[in-house]
Amino acid sequence: MFKGIIPFAHHLLKEVTNEGDIVVDATCGNGNDTLLLATLVGETGHVYSFDVQQQAIETTKQLINQHGWNNVHYIHDSHAKLETYLQEEHKKKIRAAVFNLGYLPRSDKKVITEAPSTIAAIQALLHNLEKGGRVVLVVYHGHVGGKEEKDAVLQFVTNLDQQYYGVLQYGFVNQRNDPPFVIAMEKRQ
Ligand SMILES: C[S@@+](CC[C@H](N)C(=O)[O-])C[C@H]1O[C@@H](n2cnc3c(N)ncnc32)[C@H](O)[C@@H]1O
């Protein structure tokens, strides 16, 4: 069977991420992607985990602690400020990053990712990505404000120069109710 959206996003991250890598969860929410990344990079790696909601940071911390990892830097701030938080020795060394756009299920639906900060964060990530590194987005867009963000992000990634970036889109086109889809960018040189 075709891979579902989340399994496919995780597959794209697993393919390029190794022990010791520097990676980013741009929207940690309940911490599931942070846990995947922490496991992939191990104790010699480093995960930057962002969220604008304190509750999301706390939930993620708990999950990571339960699994005994000690390789996550939690940042209660917007992913748009990535470069402010990136350690000097990690600049241009990011291997992979993941976003889940939209709102955190079972929390305040008014706190959503928005195009200006999402695109600023993607730009900062692409600037700091290693050759062969990937930025993976799971785009949820059925909520209020979701369409505007989806359209702006698609316009931005469609215009990335193919000489430098491969960009793909993966999703089910016959699914009802604004199904989420994946956008992935890979740095070519
Ligand atoms: C769809 S949820 C993430 C789900 C998460 N990956 C998980 O596995 O549970 C989107 C998250 O993005 C966060 N968010 C919204 N705007 C943000 C921003 N500018 N910077 C960082 N996080 C943001 C929200 O607080 C929310 O927790």
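Predicted model: local features only at pLDDT ≥ 70, side-chain atom pairs only at ≥ 80, totals over all residues.
Local features need pLDDT of at least 70 and side-chain atom pairs count only at pLDDT 80 or more, whereas totals for chains, interfaces and linings use all residues. Residues are numbered from 1 along each chain as its sequence is written, and side-chain values use heavy atoms, with hydrogens and water left out.

**Stop 1: T17**

Select T17, in the loop between α1 (5-16) and β1 (22-25). Helices (H or I, at least four residues) and strands (E, at least two) are DSSP runs, numbered from the N terminus. T17 counts as buried because its relative accessibility is 5%; buried means under 20% relative accessible area, exposed over 50% and partly exposed in between (1.4 Å probe, protein chains only). Next, show L13: its backbone oxygen lies 2.7 Å from a polar atom of the T17 side chain. A polar contact is a pair of N or O atoms within 3.5 Å; within protein, one must be able to donate a hydrogen and the other to accept it, and residues adjacent in sequence count only if both atoms are side-chain atoms. Leaving aside residues up to four places away in sequence, T17 touches V23, L40, V41, R95 and A96 (contact: heavy atoms within 4.5 Å).

**Stop 2: strand β4**

Select residues 94-100, strand β4, where 6 of 7 residues are buried. β4 pairs with β1 in the parallel sense over 4 bridges; two strands pair if DSSP finds at least two bridges between them. Here V24 stands opposite A97. With β5 (residues 129-139), β4 pairs in the parallel sense over 6 bridges, and I94 has L129 as its bridge partner. From β4, follow the chain through helix α5 (residues 115-128) to β5: this β-α-β crossover is right-handed, that is, with the strands pointing away from the viewer, the path from the first strand over the helix to the second runs clockwise.

**Stop 3: the ligand**

Select the ligand and the 23 residues that surround it; the closest are N30, D51, Q53, S78 and H79 (near: a heavy atom within 4 Å). A polar side-chain atom of Q53 lies 2.8 Å from a ligand oxygen, and a backbone N or O atom of T27 lies 3.1 Å from a ligand nitrogen.

**Stop 4: helix α2**

Finish with residues 32-41, helix α2, where 8 of 10 residues are buried, among them D33, L40 and V41. Their cover includes α1, β1 and β4. After α2 comes G42, with a positive phi near 65°.
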